[in-house]
Amino acid sequence: MLVVAAAIVDDLGAPRRLLAARRAQPVSLAGRWEFPGGKVEPGEDVLAAVHRELAEELGVEVELGTELVGPEGGAWRLSDRYVMRLWTARVTVGEPQPLVEHDELRWLDAGDWLAVPWLDADVPIVHALARSLHVPVEPPPAPSAPSPGSSSAPPPVSP
Ligand SMILES: Nc1nc2c([nH]c(=O)n2[C@H]2C[C@H](O)[C@@H](COP(=O)(O)OP(=O)(O)OP(=O)(O)O)O2)c(=O)[nH]1
């Protein structure tokens, strides 16, 4: 069964922030984060399904960017029952709200895209998305502490 979803970013040309949605239901998925979206209805056009799901779940209209093409005929495997197709998107009308299915939305800054517990199947997808958009998934390394013995203090003066 086909699921469609959107990686909503702040800027399609130079993305830095990614919108993640926390599932409120079902209990087995509650508390895990995902890309907003859902199942394509029988006979429904896939792009129409993306727009419908984002309107229903977040109350927004979006402009779609490019598809993040997955390894299974373009799709990403979620489970033995579901595969997902994913497009980048930018909000054009409205402010995203967790209207149904979600109890929280969060904009993740560059370097923090893995800072929430994504659904298991989404973790490799977030990595692939970040790679394709040239956004770091990890924060930049902290400046390294001086190693022992490399103190900048002058050496002791011998008598
Ligand atoms: N929307 C979405 N679903 C995902 C993602 N990752 C993932 O494993 N899934 C799973 C969770 C669900 O088992 C399935 C999608 O179902 P859904 O509950 O979002 O679909 P829907 O909005 O049409 O829901 P419903 O009306 O049938 O309850 O795919 C993801 O990033 N986004």
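How do β1 and β7 pair, and over how many bridges? They pair in the parallel sense, over seven bridges. Strands here (E, at least two residues) and helices (H or I, at least four) are DSSP runs numbered from the N terminus. Two strands pair if DSSP finds at least two bridges between them.

**Before you start**

This is a predicted model, in which local features need pLDDT of at least 70, side-chain atom pairs count only at pLDDT 80 or more, and totals for chains, interfaces and linings use all residues. Residues are numbered from 1 along each chain as its sequence is written. The mean pLDDT of the protein is 93, and 91% of its residues reach 70 or more. pLDDT is the predictor's confidence in each residue, from 0 to 100. The model scores are ipTM 0.95 and pTM 0.89.

**Stop 1: strand β1**

Select residues 2-8, which form β1. Six of the seven residues in β1 are buried. A residue is buried if 20 or more other C-beta atoms, placed from the backbone, lie within 10 Å of its own; it is exposed if 12 or fewer do, and partly exposed in between. Pick Ala7 and look for its bridge partner in β7, Thr88. β4 pairs with β1 in the antiparallel sense, over three bridges. Val4 stands opposite Gly38 of β4.

**Stop 2: the ligand**

Gly38 is among the closest residues to the ligand, with Glu34, Phe35, Lys39 and Leu78. The ligand has 15 residues around it. A residue counts as near if its C-beta atom, placed from the backbone, lies within 6 Å of the molecule. Which strand gives the largest share of this shell? It is β4, with three residues. Colour the shell by class: nine residues are nonpolar, two polar and four charged. Ala, Val, Leu, Ile, Met, Phe, Trp, Tyr, Cys and Pro count as nonpolar; Asp, Glu, Lys and Arg as charged; the others, Gly among them, as polar.

**Stop 3: helix α2**

Select residues 123-133, helix α2. Which of its residues are buried? They are Ile125, Val126, Leu129, Ala130 and Leu133. These residues lie on the same side of α2 because they cover an arc of only 135° around the axis. The arc is that of the directions from the helix axis to the C-beta atoms. On the face turned away from this buried side, find the exposed residues Val123 and Arg131. Contact here puts two C-beta atoms, placed from the backbone, within 7 Å. Step just past α2 to His134, which takes a positive phi of about 60°.

**Stop 4: the three-stranded sheet**

Move to the open sheet with the order β3-β2-β8 and antiparallel pairing. Its edge strands are β3 (33-34) and β8 (102-108), and each pairs on one side only. Select β2, residues 18-23. Five of the six residues in β2 are buried. Six bridges link β2 to β8. Check Leu19, whose bridge partner in β8 is Trp107. Two bridges join β2 to β3.

Finish on Arg22. Its bridge partner in β8 is Glu104. In β3, Arg22 stands opposite Trp33.
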